[in-house]
Structure formats: C-alpha cells, structure tokens
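Please walk me through this model, with attention to its helices and its aromatic rings.

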Amino acid sequence: MIAAIPAADWALWIALAFAGLVCSALYSGTEMGIYVLNKMRLDLRAEAGSTPARVLRRMLRKFDALLAVLLIGTNLATYLTTFAISVLFVMGGVTAGSEWYTLAVATALLFVFGESVPKNIFQRSPERLVYRLVWFLKGSMALFRWCGLLGLVRLVGSAVTRT
C-alpha cells in the first residue's frame with residue numbers, strides 16, 4: 001500500500017510541470033517571433049529610443065548566442081515538464097509503465113501547448129510579444145552564461161558547423 005502523499009508535494013510537482021510548460025512555450029514562441037520579427041521596425045524602434053528594441057538589436061548581433069539561449073531554455077523546460085509528470089505518475093502509484101504514460105501525456109502537452117500554439121501566436125504578433133520578453137531572454141542569457149551552458153553550446157555548435 002502506498003503511504004499518503006501530502007498535498008503540498010502534489011502541488012509542488014504540478015507547479016513544476018506547469019512552469020516547465022510555460023517556459024517551453026515562451027522559449028519556443030520567442031524563437032519563432034524572432035525569426036519573423038521585422039528587422040527594419042526593430043532598427044526604427046531602437047533609434048527612437050526603445051530600450052527593449054536596443055537590447056534585442058544587441059542580442060541579434062550575436063545570433064548564435066541568442067539561438068543557443070532559446071534552444072537551451074526549450075530543452076531544460078521540456079526536461080523539467082517531463083520529469084515532473086513522471087514524478088506525478090510515480091507518486092500516484094503508477095510505477096509499472098510510468099515511462100509510457102509520461103511519454104503520452106508529456107508529448108501531447110508539450111507538442112500542443114509548448115510548441116505549436118505558442119509558435120502560431122508569436123508568428124502572428126511578433127512585434128507585440130517579443131519586445132515584452134526581452135528581459136526574460138536577457139535574464140536567461142545571463143543565467144546560462146554564468147553556469148557555462150551558453151559557452152559550451154556555442155563551442156559545440158561552432159565545431160559542428162565548421163566546414
């Protein structure tokens with residue numbers, strides 16, 4: 001028999017799964033938004049004094065670093081979501097086959113709410129959404145640089161793409 005699990009434990013893992021899903025949506029959507037963002041409008045906004053536009057323009061000058069941040073963030077968020085869902089199944093007593101249930105639930109959630117829907121939304125409104133998330137990107141870049149992930153991914157990426 002499984003011991004009673006405190007509601008706080010359930011709430012924690014549900015919150016972590018939700019946070020991972022939201023972060024996955026933000027990183028994936030922002031990636032799409034940056035691809036379709038009108039660069040001429042970005043320059044005009046930056047020249048007009050918009051701080052988010054200036055920061056974003058600076059980030060775009062090192063596009064490989066920005067892309068690495070987006071990909072690292074997406075992968076970490078996906079992992080967090082998947083891990084949290086797996087823990088929830090195990091906490092619920094589903095030990096045999098929990099990997100398959102996690103695969104089914106996490107794949108559906110991440111594909112729809114972490115990838116497809118956010119990319120569609122950001123593709124339609126990149127001007128409005130990307131500028132609002134500049135500080136999220138800047139914070140992510142600082143965090144990933146601090147822990148060494150950004151440098152590692154850029155190094156591997158440049159080694160792979162070197163011809």
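By about how much of a helical turn are Tyr 79 and Phe 83 separated in helix α4? They are separated by about one helical turn, because they lie 4 residues apart in that helix. Helices here are DSSP runs of H or I with at least four residues, numbered from the N terminus.

This is a predicted model, in which local features need pLDDT of at least 70, side-chain atom pairs count only at pLDDT 80 or more, and totals for chains, interfaces and linings use all residues. Residues are numbered from 1 along each chain as its sequence is written, and side-chain values use heavy atoms, with hydrogens and water left out.

Rings of Phe, Tyr and Trp (its six-membered ring) pair if their centres lie within 6.5 Å; planes under 30 degrees apart count as stacked, over 60 as edge-to-face and the rest as tilted. By this rule there are 5 aromatic pairs. The Tyr 79 and Phe 83 pair is stacked, because the ring centres are 6.1 Å apart and the planes are at 15°. Ring pairs also bring in Trp 13, which forms a cluster with Tyr 79 and Phe 83.

Accessibility is sorted by relative accessible area: buried is under 20%, exposed over 50%, and partly exposed in between (1.4 Å probe, protein chains only). Tyr 79 is exposed because its value is 56%, whereas Phe 83, at 40%, is partly exposed.

Thr 74 also belongs to helix α4, which covers residues 63-91. At 11% relative accessibility, Thr 74 is buried. Beyond its neighbours within four places in sequence, Thr 74 has contacts (heavy atoms within 4.5 Å) with Tyr 27, Ser 28 and Glu 115.

How values were computed. Helix = DSSP H or I, 4+ residues; strand = E, 2+ residues; numbered from the N terminus.
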